[in-house]
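Subject: Handing over the model

Dear colleague,

Please find below the sequence and the structure that I promised to pass on. My notes on helix packing and on a sheet follow.

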Amino acid sequence: MIELRSPQALADYRQRLRVAADPQQRRIRVCDGTGCRALGSRKVLACLQETLREAGLADEIEVIPTGCPGFCELGPLITIDPEGIAYNKVSVDDVPAIVAKTITKGEIIDGLVFVDPVTEQIIIHDNELPFYTKQMRRVLELNGEIDPTNFEDYIAHSGYDALSKALWEMTPEQVIEEVDQSGLRGRGGAGFPTGLKWRFCRESPGDVKYIICNADEGDPGAFMDRSILEGNPHSVVEGTIVGAYAMNATQGYVYIRNEYPLAVQNLTIALKQAREHGLLGRDILGSGFDFDINIRIGSGAFVCGEETALMASIEGRIGEPQPRPPYPAQSGLWGKPTNINNVKTWANIPLVIRKGSDWFASVGTDKSKGTMIFSLVGKIRNTGLVEVPMGISLGELIYDIGGGIPGGKEFKAAQIGGPSGGCIPKEHLDVTIDYESLIELGAIMGSGGLVVADEDTCMVDLARYFLNFTQEESCGKCVPCRIGTRAMLETLERICAGRGREGDIEYLIEIGQEVKRSSLCALGGTAPNPVLTTIRYFRDEYEAHIYDKRCPAKVCKGLITYEIITELCTGCTICARNCPVSAISGEKGQPHVIDPESCTRCGVCRSLCNFDAIAVH
Amino acid sequence: MDFEPSELAETIEKNGEGASLISVLEEIQARYRYLPQAAMVLVSERFGVPLSQVYSVATFYHSFSLTPRGKHTISVCTGTACHVRGAVQVLNRLETTLGVQPNETTLDRQFTLQTVNCLGCCALGPVVVLDSEYEGQVTTRKVDKLLKRAMRQAGGDQ
């Protein structure tokens with residue numbers, strides 16, 4: 001074990017690793033993120049190692065498990081170096097051919113390379129995939145490149161260089177100045193200037209100060225924090241130590257969701273490695289600065305993403321938010337000055353320090369600098385994680401990178417910012433993505449979840465979905481959030497059930513504005529956004545539900561009926577056998593019928609029918 | 001598994017001075033798959049906090065349960081991406097087949113069905129997790145297969 005007790009020791013260590021590395025080394029990178037694992041990447045990885053061993057190639061060819069490169073739609077993903085041959089949807093059955101053809105002879109296997117669905121062009125190398133070429137990968141650069149559990153990999157890629165620079169070449173004030181100059185704003189959603197937040201904490205009187213990394217990524221539809229912690233945990237650790245030095249904190253916490261076991265595992269490994277190498281703990285890098293980081297696992301409460309609730313949870317209490325002021329910078333964890341930033345904010349810090357604020361601010365808009373990471377999900381062709389410069393248009397994001405809407409369907413809206421955000425309709429596809437423009441349209445940047453809705457998505461149902469979420473997750477402390485969101489949810493449920501009344505829309509707007517205005521924390525303060533923006537842009541859908549008793553997208557159970565198309569039904573009986581309420585009858589070989597009275601519109605019959613014989617009206 | 005007070009002392013010991021109430025409860029939950037009342041009383045005594053406070057923590061966070069949970073947990077992700085891709089149908093199917101609602105356990109104590117807000121593998125929605133095994137792009141058919149396999153395994157365990 002090498003203890004790094006001076007900048008020179010770190011530089012020498014890095015130099016040795018770089019000299020030893022052979023850029024022409026044949027190696028296979030296998031995505032080992034949660035997404036690809038769910039699709040079977042672990043089996044592929046094990047099978048590759050086994051097949052290479054049998055072929056006597058195990059010593060020559062490295063198989064590296066990496067973090068998520070982002071293109072989850074096509075997982076399991078593997079990349080073969082040095083050429084960078086990208087294979088997708090790889091299964092165990094493909095492995096023998098990969099070893100026999102590509103590894104041994106350098107031949108490309110047709111069925112595994114990417115074919116552009118629009119141009120039908122075959123794309124072999126990972127750096128030529130349109131999904132990646134339009135992105136600007138800074139924070140995510142090493143995701144998919146390095147083995148997140150290999151300390152040497154991170155060091156060889158300039159890891160802890162920023163920490164060394166901060167500790168030995170900069171004063172804490174200079175570090176804060178650099179962060180301030182970069183224009184970096186909090187990536188957790190609210191977009192507060194990071195440098196300013198740091199300065200508040202530094203200038204706050206007190207000899208004990210705390211640093212927190214908020215990894216309680218609760219927004220459904222967002223998974224970038226998970227991906228960074230899984231794929232490049234050292235970047236977050238390094239950023240946090242730099243912040244601790246700047247604010248003179250001695251103890252840090254990473255508060256992470258218990259739904260993210262792999263992220264916890266990889267972060268735990270990273271912290272241990274940093275400690276063993278003298279980069280965390282006492283006398284970091286020989287500078288005399290002491291700081292350590294502990295992990296706290298969340299126990300499943302969305303409200304704990306709110307900073308004051310999160311700190312209550314670390315203290316072992318229930319996650320109820322507190323009124324602000326006092327702000328955490330004045331009185332936070334155990335009453336001490338505390339700084340709390342999101343995973344992505346911390347992961348940006350090593351880049352700001354190493355490459356400088358000018359470099360960082362060279363992309364983006366006037367007020368929103370740098371890049372932003374989005375998770376593209378829902379009705380979009382290229383589902384996955386993307387990093388783009390601030391100021392890109394929504395249309396570019398959805399069509400050029402996301403590949404548009406699958407199945408020839410039409411784009412309806414993009415829901416940005418999760419349960420706190422709002423939806424942006426087709427008319428505003430040219431909006432530039434930055435903090436201010438999104439707020440103007442009623443949405444927020446949020447943590448970067450971007451859910452695409454197409455013509456089959458009911459906007460009233462989507463609003464109901466989000467409100468159901470926030471209502472369930474409301475901690476119950478303040479009245480506007482506890483009762484206001486319930487009143488709104490009941491109204492939306494009534495509308496979706498076909499019992500909407502005149503005045504419901506106005507009622508939702510009135511109560512929504514009141515909940516926003518008077519709730520204690522951001523959960524209630526933003527909960528009405530999905531409802532208010534869907535009313536703003538899709539009022540006609542609400543009216544169709546309320547006045548015409550019709551769900552245009554054919555989603556709301558109270559407003560649809562299922563029917564078997566006699567001409568298409570073959571009488572296979574699969575629907576009748578599987579109907580949970582026995583609402584389907586008919587003789588074998590004869591067309592079946594659904595009894596609308598007992599049908600609960602669960603949709604099981606439609607999902608099982610092999611002949612598309614079940615229609616929804 | 002029956003609650004064993006001496007094990008609790010060990011757990012608290014292991015977490016050291018200044019152990020967090022939540023992390024100790026998490027360990028108890030992981031060990032017994034619920035928080036036995038006797039354990040909560042002991043925790044309250046050891047930590048010197050009122051039982052009401054232990055109860056409030058235990059009922060505030062989703063990952064704690066006051067009733068015994070099944071040997072296996074089936075989680076259906078109902079995050080936004082899974083929702084728009086048909087998680088509701090998948091959940092319906094599991095409810096009917098297992099005969100339980102979310103957060104309920106089958107009579108034989110084998111399976112607990114639960115929903116989870118987002119697992120962060122939105123690209124693969126709808127997602128179902130059986131214990132720690134993720135299953136992506138789940139359809140009604142895939143659910144049936146998954147359950148069959150799980151039940152076979154559960155049968156083998158007994």
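At what angle do helix H7 and helix H11 of chain A pack, and how far apart are their axes? This is a predicted model, in which local features need pLDDT of at least 70 and side-chain atom pairs count only at pLDDT 80 or more, while totals for chains, interfaces and linings use all residues. Residues are numbered from 1 along each chain as its sequence is written, and chains are lettered from A and ligands numbered from 1 in the order in which they are written.

Helix H7 (residues 161-169) and helix H11 (residues 233-247) of chain A pack at about 10°, with axes 9 Å apart (axes are lines fitted to C-alpha atoms, for helices over the stretch in contact, and angles run from 0 to 180 degrees between N-to-C directions; helices, H or I of at least four residues, and strands, E of at least two, are DSSP runs numbered from the N terminus). H7(A) is therefore roughly parallel to H11(A), a term for angles under 35 degrees. H7(A) contributes Ala162(A), Leu163(A), Ala166(A) and Leu167(A) to the contact, and H11(A) contributes Glu238(A), Ile241(A), Val242(A) and Tyr245(A), where contact requires C-beta atoms, placed from the backbone, within 7 Å.

Turning to the sheet, four strands of chain A form an open, parallel arrangement in the order E9-E8-E7-E10, with pairing taken as at least two DSSP bridges between two strands. Its edge strands, each pairing on one side only, are E9 (292-297) and E10 (338-342) of chain A, and the twist averages 20° from one strand to the next.

Best wishes

Notes
Parallel < 35°, antiparallel > 145°, perpendicular 65-115°, else oblique. Contact = placed C-beta atoms within 7 Å.
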